[in-house]
Amino acid sequence: MFMSLIICTKDRASQLQRCLDEIAAASIPSCDLEIILVDNGSKDSTNEVIKTFAGKSPVKVSSVLCEKAGLGLARNFGLAAAKGEWLLFTDDDCYVDKSFFTEFFGFASFTSNSKTDTRDIRYGSGPIVPYDELHHPLVASLAVHEIKLIKPKTLIGAGWVQGANMFFHRSIFEKIGPFNDKMGSGTPFACEDIEMAARASLAGFVGAQLPFFKVVHHHKRHIGSAEATSTIESYDYGRGAYYSSLLDLGVPEAWKLWEACIDFKNIKQSDVRLRLAREFEGAAKYLANVKIE
């Protein structure tokens with residue numbers, strides 16, 4: 001199998017339906033492609049939506065049940081079921097572009113034959129575009145207009161790789177293991193995507209932001225809404241957990257990464273201080289809740 005698209009979902013049947021409709025409308029490249037749908041313990045009609053899609057899909061569809069909450073864990077269930085050499089991830093509130101699969105296939109095929117640095121790319125993100133101007137741009141969006149390489153051993157900043165549109169070569173998971181199952185939506189620490197990418201970088205893999213294949217993010221958290229504010233604040237909390245996860249891995253340079261991201265110029269402003277306080281809280285709780293093996 002050349003590539004697998006893994007989507008985790010929970011209690012958003014109608015949103016998942018639109019997501020799958022867009023996948024069905026996308027162009028399919030001349031390669032082995034499969035869709036892995038992970039139901040993270042839904043109580044609504046998600047299972048029926050998945051069954052209906054599987055019965056009509058022109059490509060192989062596998063349904064996986066992960067009853068315990070947590071996006072990192074759910075992604076791992078998807079990984080265990082996937083057969084692809086390349087593992088792609090998006091969310092149930094995202095719509096793939098019609099050329100999403102063909103563009104990724106073109107990139108992945110090119111890496112096998114290219115004589116440039118891009119042949120070594122093994123993980124990264126593509127563009128994540130807000131659904132419309134009402135959608136808050138700070139909620140899981142990523143503008144990518146050109147190839148931006150992430151050199152091996154780079155300490156990755158939060159947001160460089162985002163789960164709404166990310167990819168990994170299977171060799172990464174074979175070398176460093178799966179996603180951190182203590183992280184992700186459904187846990188206190190929403191940062192399983194960047195934590196996985198950071199470990200890939202530290203293990204010596206080349207990453208990139210690539211402009212070729214995009215998704216539209218229909219998250220419905222509008223500018224000025226309480227939902228948008230709450231989500232952005234949860235990112236602060238998760239960012240702190242991410243920094244402490246690096247420390248937990250024995251990476252002291254995490255302190256420098258954290259320091260570089262603090263807005264010291266405006267440190268006396270209440271919003272800057274509150275953001276830093278949430279990062280400290282997330283970092284402390286992650287360290288307190290992760291068992292030492």
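**Entry 1: T90 and its surroundings**

I looked up T90 and, leaving aside its neighbours within four places in sequence, found contacts with L5, I6, I7, C8, G163, A164 and V215; contact here means heavy atoms within 4.5 Å. The model is predicted, so local features need pLDDT of at least 70 and side-chain atom pairs count only at pLDDT 80 or more, while totals for chains, interfaces and linings use all residues. Residues are numbered from 1 along each chain as its sequence is written, and side-chain values use heavy atoms, with hydrogens and water left out.

I placed T90 in strand 4; strands (E, at least two residues) and helices (H or I, at least four) are DSSP runs, numbered from the N terminus. T90 counts as buried because its relative accessibility is 0%; buried means under 20% relative accessible area, exposed over 50%, and partly exposed in between, with a 1.4 Å probe and protein chains only. I also saw that the side chain of T90 reaches the backbone oxygen of A164 at 2.6 Å.

**Entry 2: strand 9 and its partners**

Next I followed T90 across to N165, which stands opposite it in strand 9. Strand 4 (residues 86–91) pairs with strand 9 in the antiparallel sense over five bridges; pairing needs at least two DSSP bridges between two strands. On strand 6 (residues 121–125), I counted three bridges to strand 9, again antiparallel, and there S125 stands opposite M166.

How many residues of strand 9 are buried? I found five of five, across residues 165–169. N165, F167 and H169 point one way, M166 and F168 the other.

**Entry 3: the largest pocket**

I then turned to the largest pocket, with a volume of about 1300 Å³. A pocket is an open set of points on a 1 Å grid over the protein atoms alone, with protein on both sides within 12 Å along at least five of seven lines; lining residues have an atom within 4 Å of a point. The volume is the space filled by probe spheres set on the points, which are joined across faces, edges and corners.

I noted 49 lining residues, with A140, A190, T231, S234 and Y235 nearest the centre. Helix 7 gives the largest share of the lining, nine residues.

**Entry 4: two loop residues**

Last, I checked D11, which has a positive phi of about 55° although it is not a glycine. D11 sits in the loop between strand 1 and helix 1. K220 also has a positive phi, about 65°, and is not a glycine; I found K220 in the loop between strand 11 and helix 7.

Definitions and conventions. 1 Å grid on protein atoms, 1.4 Å probe; cavity = no way out; pocket = protein on both sides within 12 Å on 5 of 7 lines; lining within 4 Å. Polar contact = N/O pair within 3.5 Å; in protein donor to acceptor, adjacent residues only side chain to side chain.
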